[in-house]
Amino acid sequence: MNWVIFNFYGFFLLTQLKLVKMPEIQLAHTLRSHGAKVARIHMHDWLILLLLVIIDIILNVIEPFHRFVGKGMMEDLMYPFKGNTVPFWAVPIIAILLPFLVILIYYFIRKDVYDFHQAILGLLFSVLITAVLTDAIKDGVGRPRPDFFWRCFPDGKPRFDNVTGVVLCTGLKSDIKEGHKSFPSGHSSWSFAGLGFLAWYLGGKVRVFDRRGHVAKLCLVLTPILLAAMVAVSRVDDYWHHWQDVFTGGSLGMVISSFCYLQFFPPPYDVNGWGPHTYFQMLEELANGLPTTNDTNALIVRPTEMGNMHVQSHHGPVRPEFGHYPSMPNLNGEEGEMR
């Protein structure tokens, strides 16, 4: 059933992308020709991503703060200790692999390494920054989960310190450790981080705010948000989180994904919302006659798409009219039409 839904969603996505005409100059830059070059330019970003991975591993290894839990608090922490509707291993698939597949499909359609690289970089930053913040807060707060009683006393026989009244847990150490990581919800934050970024990405690609009233585009953009919301709801249904944990985690993931997307792409309502900032920086350098690549055939211009393009240069906006090619320097340093 899930495979059928995924295939239907992929078919709908391809249909929407095919119907949307991207008003841009097509850069003939692929992973094979320019992938290594673009990655080297952002080498420091990839190193930061590696550092975030190491930090998150450390945060998951260390022991969280064990907040005081007394006898009077147990009444609210006696929900059943059950499994996960969405297992831990499925979260990276939902938050990273699914958006990656959509970004990969778009790359095969457009063959633009700049869009592909920036989208992957933004997606990974969204998920990893959210993961580090989430796990750091989890360790620092140490809020017990709703099922903490059964984690602490799997035999159902509570034990408390005679002096302080704190619980004396007899359960597995791993279950107790995990039982102090309720706030905020990791499933919720990571899902909203990855799928929230995907929603932003789709919004820009299908030009959801083009003022033409296509509600189908809006439904397409909101589909990842709905999936993330269902993952969050499952955490409350499984009694692994309080509703405050889920709400905070989802909000955190959505905010971080928004910042990360806007770091690499214009907002979807922008006239250039369909492409990454690096794309337009490339065009600006070309418009100013600056060298951007050693390849002489880096540009393939579509005359019918020039009319709606907007490039901001240092001398003001360049707004080519339909059928008109801006003057560009040729290989001999003379100005000529860009074709």
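Here are some questions and answers about this predicted model.

Residues are numbered from 1 along each chain as its sequence is written, and side-chain values use heavy atoms, with hydrogens and water left out. Because the model is predicted, local features need pLDDT of at least 70 and side-chain atom pairs count only at pLDDT 80 or more, while totals for chains, interfaces and linings use all residues.

Q: Which cysteines form a disulfide, and how far apart are their sulfur atoms?
A: Happy to start here: a disulfide is taken as a pair of cysteine sulfur atoms within 2.5 Å. By this rule the count comes to 1 disulfide. The pair is Cys152 and Cys169, with their sulfur atoms at a separation of 1.9 Å.

Q: What is the handedness of the disulfide of Cys152 and Cys169?
A: A disulfide is a covalent bond between the sulfur atoms of two cysteines. For Cys152 and Cys169, the torsion about the S-S bond is about -105°, so the disulfide is left-handed.

Q: Is Cys152 buried or exposed?
A: The classes are: buried under 20% relative accessible area, exposed over 50%, and partly exposed in between, using a 1.4 Å probe and protein chains only. Cys152 has 0% relative accessibility, so it counts as buried.

Q: What is the relative accessibility of Cys260?
A: For context, Cys219 has 44% relative accessibility and counts as partly exposed. Cys260 counts as buried because its relative accessibility is 8%.

Q: How many of the 29 residues of α5 are buried?
A: Helix α5 covers residues 113-141 and reaches 42 Å from its first C-alpha to its last. That is close to the 42 Å expected at 1.5 Å a residue, where the expected span is 1.5 Å times one less than the number of residues. The helix is largely enclosed by the rest of the structure, because the buried residues number 22 of the 29.

Q: Which residue just after α5 takes a positive phi?
A: At the start of α5, a side-chain oxygen of Asp112 comes to within 3.0 Å of the backbone nitrogen of Tyr114. Just after α5, a positive phi of about 65° belongs to Gly142.

Q: What is the phi of Lys111?
A: Lys111 lies in the loop between α4 (90-110) and α5. With a relative accessible area of 38%, Lys111 is partly exposed. Although Lys111 is not a glycine, its phi is positive, at about 55°.

Q: Which residue forms a salt bridge with Glu178?
A: Side chains of opposite charge can pair when their charged atoms come close. A salt bridge is counted when a side-chain nitrogen of Lys or Arg is within 4 Å of a carboxyl oxygen of Asp or Glu, and a search of the whole structure finds 6. For Glu178, the closest N and O atoms are 2.8 Å apart, and the partner is Arg145.

Q: What is the relative accessible area of Arg145?
A: Glu178, at 23% relative accessibility, counts as partly exposed. Arg145 is buried, because its relative accessible area is 1%.

Q: What is the N to O distance in the salt bridge of Lys217 and Asp210?
A: Another salt bridge joins the side chains of Asp155 and Arg159, at 3.5 Å, N to O. Lys217 is buried, and so is Asp210. Their side chains meet with an N to O distance of 2.7 Å.

Q: What is the omega of the cis peptide bond that joins Phe183 and Pro184?
A: Pro184 is placed in the loop between α7 and α8 (186-205). The cis peptide bond joining Phe183 and Pro184 has an omega of about -10°.

Technical notes. Helix = DSSP H or I, 4+ residues; strand = E, 2+ residues; numbered from the N terminus. Polar contact = N/O pair within 3.5 Å; in protein donor to acceptor, adjacent residues only side chain to side chain.
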